[in-house]
Structure formats: C-alpha cells, structure tokens
Amino acid sequence: MNSIETILLNFSEIRRRSIKLWSGVPSEYLNWKPDENAFTIIEMIRHVLEGEHLFHKIVQNRGNLGNYQSPWKDLKYSDLKNELIFSEKYRTDFLKMISELEESDLKSVSIERTEVGQSKLLGDYLNRIAYHESVHTGQLLSYLRTLDIERPKIWD
C-alpha cells in the first residue's frame, strides 16, 4: 500500500466511523448543544461535511480560497440522511482528487494559507484535514455522554 492509498483508507475509515456515530444520534437530539456558543449536533455534522469541501478547494487552489462560495450557504438543516446525500458528490470529488495525486506531490506541493499564516506540505495538510473530522467525532461522543445517550461502538 502506498502513501496515497493509506491516506484514502484513513479518510474512508474516519468517515465510516463518523457515520456510525452520527447514525446513533436520536433525531430528537439533532438540535441539542451543550451551551449557547457550541454547535448543535446537526450543525457539527454539517460543519464536518462542508469543511471537507472547503479543504478540498484549499488543496485545489494551493491555499488560496479567493471568493469561495459554499454550496451549503443557503441550505436549510434537515436530517442526517439529507446531509449525507447532499455532500456525497463533494465527497466523491474530494477522494477522486486525492486518488489522482502522485506520491511525489505529498512532499513537493505546498499549501500556502497566507490569511492564517500557514504553510504546509500537501501530505501534512491532508492528514490535518482527516484530523479535523476526528476531533469533531470525539466532540460529538462527549455530547452524547453529557446527554447520557448510548454511544455507538466506533472502535471496531
């Protein structure tokens, strides 16, 4: 297995576990949040899905977002099924972009985010994208613990 295949496997496993967790949230709790400044559960799910698209555009443009417009901008929150259906095309495009990379790109392509003072090699940046979703998975597990809701077993 080469580095690109490993990165794709990591993205696949993280998303599989996220969906397993998200699917375990009773629908009546989708709008719950622990405090006024936090994401609701459905907002967090959207944030992860939308964030991946944003990261995809950052990678495509080597850091420059220009006047990025999110496809989610005017989309009303609904439920997990609709969130996943809407994001499916963007997820497919993102994974296709990764699969078309060359191994050498991971060490030679630089992502320059001047607006946040960040300069990372592509391999590092892709791992940071995966980490973002993982962090929110842990955050959502904490939400469910606070609500005293059974947490799906994502460590299979």
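Me: Which residues form one aromatic cluster with Phe86?
Reply: In this predicted model, Trp72, Phe86 and Tyr90 form one aromatic cluster.

Me: How many aromatic pairs are there by count?
Reply: The count comes to six aromatic pairs.

Me: What is the geometry of the pair of tryptophan 32 and tyrosine 143?
Reply: The ring centres of tryptophan 32 and tyrosine 143 are 5.4 Å apart and the planes stand at 80°, so the pair is edge-to-face.

Me: Where do these two sit in the chain?
Reply: Tryptophan 32 belongs to the loop between H1 and helix H2 (41–60), while tyrosine 143 is in helix H5 (residues 122–147). The pair links distant parts of the chain, 111 residues apart.

Me: Buried or exposed, that tyrosine 143?
Reply: Tyrosine 143 has a relative accessible area of 4%, so it counts as buried, the cut-off being under 20%. Tryptophan 32, with a relative accessible area of 23%, is partly exposed.

Me: And tryptophan 72 with tyrosine 90, what is the arrangement there?
Reply: That aromatic pair is tilted, with 5.1 Å centre to centre and 45° between the planes. Tryptophan 72 lies in the loop between H2 and H3, and tyrosine 90 lies in helix H3, 18 residues apart. Both tryptophan 72 and tyrosine 90 are buried.

Me: What lies over the face of tyrosine 77?
Reply: Arginine 46 does, at 4.1 Å from the ring centre.

Me: Turning to helices, at what angle do H1 and H3 pack?
Reply: Helix H1 (residues 3–23) and helix H3 (residues 80–99) pack at about 175°, and their axes are 11 Å apart. That angle makes H1 roughly antiparallel to H3.

Me: Which residues meet there?
Reply: From H1, the residues include Ile4, Leu8, Phe11, Arg15 and Trp22. On the H3 side, Leu84, Arg91, Phe94 and Ile98 are among them. By class, the contact of H1 with H3 has 11 nonpolar, three polar and two charged residues.

Me: What about H2 and H5, at what angle do they pack?
Reply: H2 and H5 pack at an angle of about 180°, with their axes 11 Å apart. The two helices are therefore roughly antiparallel to each other, as angles over 145 degrees count as such.

Me: Which residues of H5 does H2 meet?
Reply: Tyr125, Ile129, His132, Glu133, His136 and Tyr143 are among them. Those of H2 in this contact include Met44, His47, Glu52 and Phe55. The residues of the contact of H2 with H5 divide into 14 nonpolar, four polar and two charged.

How values were computed. Residues are numbered from 1 along each chain as its sequence is written. This is a predicted model: local features need pLDDT of at least 70, side-chain atom pairs count only at pLDDT 80 or more; totals for chains, interfaces and linings use all residues. Side-chain values use heavy atoms; hydrogens and water are left out. Axes are lines fitted to C-alpha atoms, for helices over the stretch in contact, and angles run from 0 to 180 degrees between N-to-C directions. Helices (H or I, at least four residues) and strands (E, at least two) are DSSP runs, numbered from the N terminus. Angles under 35 degrees count as roughly parallel, over 145 as roughly antiparallel, 65 to 115 as roughly perpendicular and the rest as oblique. Contact means heavy atoms within 4.5 Å. Ala, Val, Leu, Ile, Met, Phe, Trp, Tyr, Cys and Pro count as nonpolar, Asp, Glu, Lys and Arg as charged, and the others, Gly among them, as polar. Rings of Phe, Tyr and Trp (its six-membered ring) pair if their centres lie within 6.5 Å; planes under 30 degrees apart count as stacked, over 60 as edge-to-face and the rest as tilted. Buried means under 20% relative accessible area, exposed over 50%, partly exposed in between (1.4 Å probe, protein chains only). A charge sits over a ring if NZ of Lys or CZ of Arg is within 6 Å of the ring centre and within 35 degrees of the ring normal.
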